[in-house]
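Subject: Handover of a structure and notes on its features

Dear colleague,

Please find below the structure that I am handing over to you. My notes on it follow directly after.

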Amino acid sequence: MKVTKELASQIQLLILDVDGVLTDGSLFYDNHGQEYKAFNSRDGHGLRMLQEAGIKVALLTGRQSELVQHRARNLNIPAELVFQGFRDKRPAFEALLAQTGLTADQIAYIGDDVVDLPVMTKVGLAIAVADAHPFVKQHAAWVSHLSGGRGAVREACEMLLDARGELQTMLERYLQ
């Protein structure tokens, strides 16, 4: 965990997969083909706390959905940091590197399935959600206790903030 804490304190950008990380991976459709996803509000607040601390947030998903754009806007994630429709996530990751000027060591990625591994193996801090595929967890530096869509993102956000020594101060603000 010490190595992870050192790595975590250097993170300037958190990249998130969507289905299985920001959601529980379930896809709901109505009779007209309209897609629905459920997002965890506590995960959202954790992302806002990260942003307050100066850590950027990006979304990188293999699927394409207006729901993802809507959630990104709701979380104040700039449109240029939202990458959808990338079954091969490496080109989007390279674009993020170029766009942000960050090195891979300054980036964390949260994934849940094998399609996330090509990016997870390149970043400074690879994170898997508790219910990730076992092979993904095997290649993660840190695994959440909570599942995707069920608080795993909030847990990871708090871990990153704690590594920077900022979590307690942020939490205590809510007591004032």
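Which side chain meets that of R164 in a salt bridge? The partner is E166, with an N to O distance of 3.0 Å. Please bear in mind throughout that this is a predicted model. R164 is partly exposed, at a relative accessible area of 23%, and E166 is likewise classed as partly exposed, at 25%. Salt bridges with shared partners also link D19, E35, K37 and R63 into one network.

Further salt bridges

In the whole structure, a search finds 13 salt bridges. One of them joins R173 to E52, whose closest N and O atoms are 2.5 Å apart. R173 belongs to the segment after helix 8 (167–172), while E52 belongs to helix 2 (residues 41–52), so this pair ties together parts that are 121 residues apart in sequence. R173 is partly exposed, with a relative accessible area of 38%, and E52 is partly exposed as well, with 47%. Another salt bridge is formed by the side chains of R90 and D88, at 3.0 Å from N to O. R90 has a relative accessibility of 39% and counts as partly exposed; D88 also counts as partly exposed, at 36%.

An open sheet is built from 6 strands in the order 5-4-1-6-7-8, with parallel pairing. Strand 5 (82–83) and strand 8 (142–143) are found at its edges; each has a single partner strand, so one side of each is left without a neighbour in the sheet. Helix 7 (residues 152–163) packs on the sheet, where it touches strand 1, strand 6, strand 7 (125–128) and strand 8. The direction of helix 7 makes about 150° with that of strand 7.

The pairings can be followed strand by strand. Strand 1 (residues 13–16) runs parallel to strand 4 (residues 56–60), and 4 bridges join the two. Within this pairing, L13 has K56 in strand 4 as its bridge partner. Strand 6 and strand 7 are also parallel and are joined by 4 bridges; here I110 has I127 of strand 7 as its bridge partner. Between strand 7 and strand 8, which run parallel, there are 2 bridges, and A128 is partnered by V143 in strand 8.

Loops and surface

Two loop residues deserve a mention. N76 is located in the loop between helix 3 (66–74) and strand 5. Most residues other than glycine have a negative phi. N76 is not a glycine, yet its phi is positive, at about 60°. With a relative accessible area of 53%, N76 is exposed.

V115 lies in the loop between strand 6 (107–111) and helix 5 (117–120). Together with V114 and F135, V115 forms a nonpolar patch on the surface, and the accessible area of the three residues together is about 240 Å². V115 itself is partly exposed, with a relative accessible area of 43%.

With kind regards

Technical notes. Residues numbered from 1 in each chain as written. Predicted model: local features only at pLDDT ≥ 70, side-chain atom pairs only at ≥ 80, totals over all residues. Heavy atoms only, no water. Patch = residues over 30% accessible without salt bridge, like charges linked within 9 Å, V, L, I, M, F, W, Y side chains within 5 Å. Areas by Shrake-Rupley, 256 points an atom, 1.4 Å probe, with all protein chains shown as cover. Salt bridge = Lys/Arg side-chain N within 4 Å of Asp/Glu carboxyl O. Buried < 20%, exposed > 50% of the residue type's maximum accessible area, 1.4 Å probe, protein only. Pairing = 2+ DSSP bridges. Contact = heavy atoms within 4.5 Å. Axes fitted to C-alpha atoms, helices over the stretch in contact; angles between N-to-C directions.
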